[in-house]
Amino acid sequence: MEFRGTTICAVRRDGKIAVAGDGQVTLSESVIFKSNAKKVKRIYDDKVVIGFAGSVADAFTLSEKFEGMLQKYSGNLMRSAVELAELWRNDKVPRKLEAMLIVADKDNLFIVSGSGDVIDPDGDACAIGSGGNYALAAARALLAETDLPADKIAYKALKIASELCVFTNDNIVVEEV
C-alpha cells in the first residue's frame, strides 16, 4: 500500500508567486487516509515555498534533499535545483523517487522531479499531481481572463481541480513569495 499526496499549483503575477496545495492523502486508489495534510510549506527563512505531490515518502525525501541543497548553495534556488538533478545524473541517488516538487522564491519558479529533471515552466502557471492538469487549465484561464492576484488564482485553480479530481480535496493551503 502506498500513500500519495496530490495536487499542487503555482501562479506568478505582478512580482509574486503563490503556491497552493490540497490536503488529501490517498491510500492506494480508494481510501482517503487524511484530508488536512500540509503539502505546501515555507523553507529557508520563509524565502522559498515548496509544494509536493506523489508518493508521500518519496516526496519527503525529495523535499529534504532539495532543502539540503538550498542550505548548501545559500538559498540560490536555480543552483540548488540543478545540483539536486546532478545527483541523479552522477548516479549518486540509488533510485528514482516517485514524487515532484514545485519550488519558488521571489524570482524563480521550477518543477523538480524525482527522476532528476528541472523544468522552468512555460508561462506564469504550473501544476503537478493527479489534479495538476485541471488546476493548470484553470490557472491559465484565470490568468488570461481576470485581474485576480496570484494567491487568489492559485486558490481558485485548486478549488476547480478539487471538483473534478477524486484525489484532490478543497482543504487548500496557499503560500506566497
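The legends below describe close-up views of a predicted model.

**View 1. Packing of helix 3 against helix 4.** Helix 3, which spans residues 132–145, and helix 4, which spans residues 150–164, have axes that come within 8 Å and cross at roughly 140°. Because angles over 145 degrees are needed for a roughly antiparallel arrangement, helix 3 is classed as oblique to helix 4. The crossing of the two helices is right-handed. On the side of helix 3, the contact is made by Tyr134, Ala135, Ala138, Ala139, Leu142 and Leu143, and helix 4 contributes Ile153, Lys156, Ala157, Leu158, Ile160, Ala161 and Leu164. Of the residues in this contact, 12 are nonpolar and one is charged, while no polar residue takes part.

View 2. The side chain of Thr7 forms a polar contact of 2.6 Å with the side chain of Thr168.

**View 3. Asp46 in the loop between strand 6 and strand 7.** Most residues other than glycine have a negative phi. Asp46, by contrast, has a positive phi near 65°, and its place is in the loop between strand 6 (40–43) and strand 7 (48–55).

**View 4. Ser74 in the loop between helix 1 and helix 2.** Ser74 is found in the loop between helix 1 (56–72) and helix 2 (77–89), where its phi is positive, at about 50°, although Ser74 is not a glycine. With a relative accessibility of 59%, Ser74 counts as exposed.

Notes: Residues are numbered from 1 along each chain as its sequence is written. This is a predicted model: local features need pLDDT of at least 70, side-chain atom pairs count only at pLDDT 80 or more; totals for chains, interfaces and linings use all residues. Side-chain values use heavy atoms; hydrogens and water are left out. Axes are lines fitted to C-alpha atoms, for helices over the stretch in contact, and angles run from 0 to 180 degrees between N-to-C directions. Helices (H or I, at least four residues) and strands (E, at least two) are DSSP runs, numbered from the N terminus. Angles under 35 degrees count as roughly parallel, over 145 as roughly antiparallel, 65 to 115 as roughly perpendicular and the rest as oblique. A crossing is left-handed if the near helix is turned anticlockwise from the far one by less than a right angle, and right-handed if clockwise. Contact means heavy atoms within 4.5 Å. Ala, Val, Leu, Ile, Met, Phe, Trp, Tyr, Cys and Pro count as nonpolar, Asp, Glu, Lys and Arg as charged, and the others, Gly among them, as polar. A polar contact is a pair of N or O atoms within 3.5 Å; within protein, one must be able to donate a hydrogen and the other to accept it, and residues adjacent in sequence count only if both atoms are side-chain atoms. Buried means under 20% relative accessible area, exposed over 50%, partly exposed in between (1.4 Å probe, protein chains only).
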